[in-house]
Amino acid sequence: MEPKKVAIIGAGVSGLAACKFTLSKGFIPIVFEARGAIGGVWTETLQTTALQTPKEMYRFSDFPWPKSVTEEFPKYNQVLDYLKSYADHFGLMKHIRFNTKVMSIDCEGCSDEEINGWTLWGGSGEAFSERRKWRLNVVDARTNDPLEEIVVDFVILCIGRFSDVPNIPEFPPNGGPEAFKSGKVLHSLQYSAMDFDTASNLIKDKQVTVVGLQKSALDLAMECANANGPRNPCTLLYRTAHWNLPDHHPWGIPLTFLYMSRFAELLIHKPGESFLLYLLAVILSPIVIIIAKIVETYATRKHGLAKYGMVPTHGFLQDISSCLLASLPEKFYEKVDEGSIILKKSQSFWFCEDGVMIEGETKPIRSDLVILATGFRGDQKLKQIFTSATFRDCMTFHDSVIPLYRQCIHPRIPQLAVIGFTESPSNLFTSELRCRWVAEFLDGTFKLPSIKEMEKDIANWEKSLTYYSGPFSKRACLAIVHIWYSDLLCKDMGWNPMRKKGLFANLFVPHGPSDYATP
């Protein structure tokens, strides 16, 4: 029988892992990459961008970093070199079609009536159907000229959540960027796409306002501060202060020991937990509060956050459970002290002729350039790739967490998986394990449960993620339940979820990618 064809859209970390594992199972992977190189978001970054996850947590399970990379947090170019080495080592490059953009995908062979009548995924709970295929509308990304349509048996979407579609804030009438006559407005997406010389010249000798407080915003503010100093200070405009840590070792204790061990997960509620585990989490909950206070105290005292009005009003647990931690650039608050960075907090802002207006102030923040580091709308990108209105509705999340079983499979969309859309402490680590899970599913190792069971499981996960993440639950972060989640994937695949030798190591030692190198 002819091997099944699997379309993989995107050649970032998820796409590379998906290619490797589908190839290992005897399928024919066809990877579509709109850019001219592998690496996804790492191909267009700021010059100062580096990992904010320690490299031993951001690696493929069976492919360690080279010994020449000694930094704990490698820079963007070292990450790209690592990904290129991985692709070369496993022979993935020949399966990638570069500068090829998938405009839309259309499922042939299933009607809305049929979909609504299913009790099992795709009608059978299995990965493939002989009469159902996906047709891909593909163009040359450089010229937008149409290419031949591609028909495949399965689609894996690895299109990423933090790229391509910028999140632009809503503004009052006449208060949008068009009102800003004396300067320029960019999204961080546009700035990151520039070559380094162009970007450097753009901000040099300018009064720049950066909107946001996550990693891109912090790095942008530092680049502006280093370029211009206090003579042309950069204004960092933010809405909510977060627990951005100075390092990953509060009071000398690795953060992974506090939040990425089985013992740490015993302290919190988990989706689908037994009554015994529920009761244990209730009894041990004071320890969770104590650990969070230890981290909060460290962050507050290390940089004197109270002095800058940067002590968050919410707890550290909410931030880590939402994947809202960003590592502070080195000497960030020194730049604040010298006047090179000005911190401004406001729940809303709007543009005027000379710059930006914020609540409670009558004078504008005078600016030559405003950079919106306000995130991305990955949900829109995911939704818009489908031609089917029914499938677009399935991928419309509203105020819910991403409705995917095992964070990969939508119960109503057959022969398709989504990888890399849910966040974790290390997106590469998690995406690789998911890709392995999908490959095992494609190979018939296991079947999916009924649609009803999957929807119940999704609801349990949404309830759990919302419990700790609060208003940030839509980020769908697995940080504090990562081992619990990995255990579920292992059990589905028939693996022993206990990945370390000995009870003590399994209970107290953090789990990393190398623990999942083999079944």
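In the predicted model described here, D88 forms a salt bridge with K84, the closest N and O atoms being 2.8 Å apart; a salt bridge is a side-chain nitrogen of Lys or Arg within 4 Å of a carboxyl oxygen of Asp or Glu. By this rule the structure holds 30 salt bridges. As the model is predicted, local features need pLDDT of at least 70 and side-chain atom pairs count only at pLDDT 80 or more, while totals for chains, interfaces and linings use all residues. Residues are numbered from 1 along each chain as its sequence is written, and side-chain values use heavy atoms, with hydrogens and water left out.

- Helix α2 comprises residues 76–89; helices (H or I, at least four residues) and strands (E, at least two) are DSSP runs, numbered from the N terminus.
- The 14 residues of α2 reach 20 Å from the first C-alpha to the last, close to the 20 Å expected at 1.5 Å a residue, where the expected span is 1.5 Å times one less than the number of residues.
- D88 and K84 are four residues apart in α2, and therefore separated by about one helical turn.
- An α-helix has 3.6 residues a turn, so residues three or four places apart point the same way.
- D88 is partly exposed, with a relative accessible area of 43%, and K84 is likewise partly exposed, at 36%; buried means under 20% relative accessible area, exposed over 50%, and partly exposed in between (1.4 Å probe, protein chains only).
- The buried residues of α2 include Y76, Q78, V79, Y82, L83, Y86 and A87.
- Among the elements covering the buried residues of α2 are α1 (13–24), α5 (196–203) and α15 (427–442).
- Just after α2, G91 adopts a positive phi of about 65°.

- D205 and R231 meet through their side chains in a salt bridge of 3.1 Å, N to O.
- This pair links distant parts of the chain, 26 residues apart: D205 lies in the loop between α5 and β9 (208–211), and R231 in the loop between α6 (215–228) and β10 (234–238).
- D205 counts as partly exposed at 43% relative accessibility, whereas R231 counts as exposed at 61%.
- K500 and D515 also meet through their side chains in a salt bridge, at 3.1 Å, N to O.
- This second pair links distant parts of the chain, 15 residues apart, with K500 in the loop between α17 (482–493) and α18 (503–508) and D515 in the segment after α18.
- K500 is buried, with a relative accessible area of 19%, and D515 is buried at 15%.

- K25, E440 and D443 are linked in a network of salt bridges.
- The end C-alpha atoms of α15 are 22 Å apart, in agreement with the 22 Å that its 16 residues should span at 1.5 Å a residue.
- Helix α15 is mostly covered, as 15 of its 16 residues are buried.
- Just after α15, G444 takes a positive phi of about 85°.

- S486 lies in helix α17 and is buried, with a relative accessible area of 1%.
- Leaving aside residues up to four places away in sequence, S486 touches L433 and Y516, contact being heavy atoms within 4.5 Å.

**Cavities and pockets**

- Rolling a probe the size of a water molecule over the atoms shows where empty space is left.
- On a 1 Å grid over the protein atoms alone, a cavity is a set of points where a 1.4 Å probe fits but cannot get out, and a pocket is an open set with protein on both sides within 12 Å along at least five of seven lines; lining residues have an atom within 4 Å of a point.
- Grid points are joined across faces, edges and corners, and a volume is the space filled by probe spheres set on the points.
- The count comes to four cavities of 30 Å³ or more, and the largest cavity has a volume of about 70 Å³.
- The largest cavity is lined by L258, Y259, A264, E265, L267, I268, V288, I291, L317 and I480.
- Two or more residues of this lining come from each of α7 (255–259), α8 (262–266) and α9 (275–303).
- The lining of the largest cavity divides into nine nonpolar residues, no polar and one charged; Ala, Val, Leu, Ile, Met, Phe, Trp, Tyr, Cys and Pro count as nonpolar, Asp, Glu, Lys and Arg as charged, and the others, Gly among them, as polar.
- The second largest pocket holds about 480 Å³ of space.
- Of the 20 residues lining the second largest pocket, K215, D219, L328, P329 and E330 lie nearest its centre.
- By class, the lining of the second largest pocket has seven nonpolar, seven polar and six charged residues.
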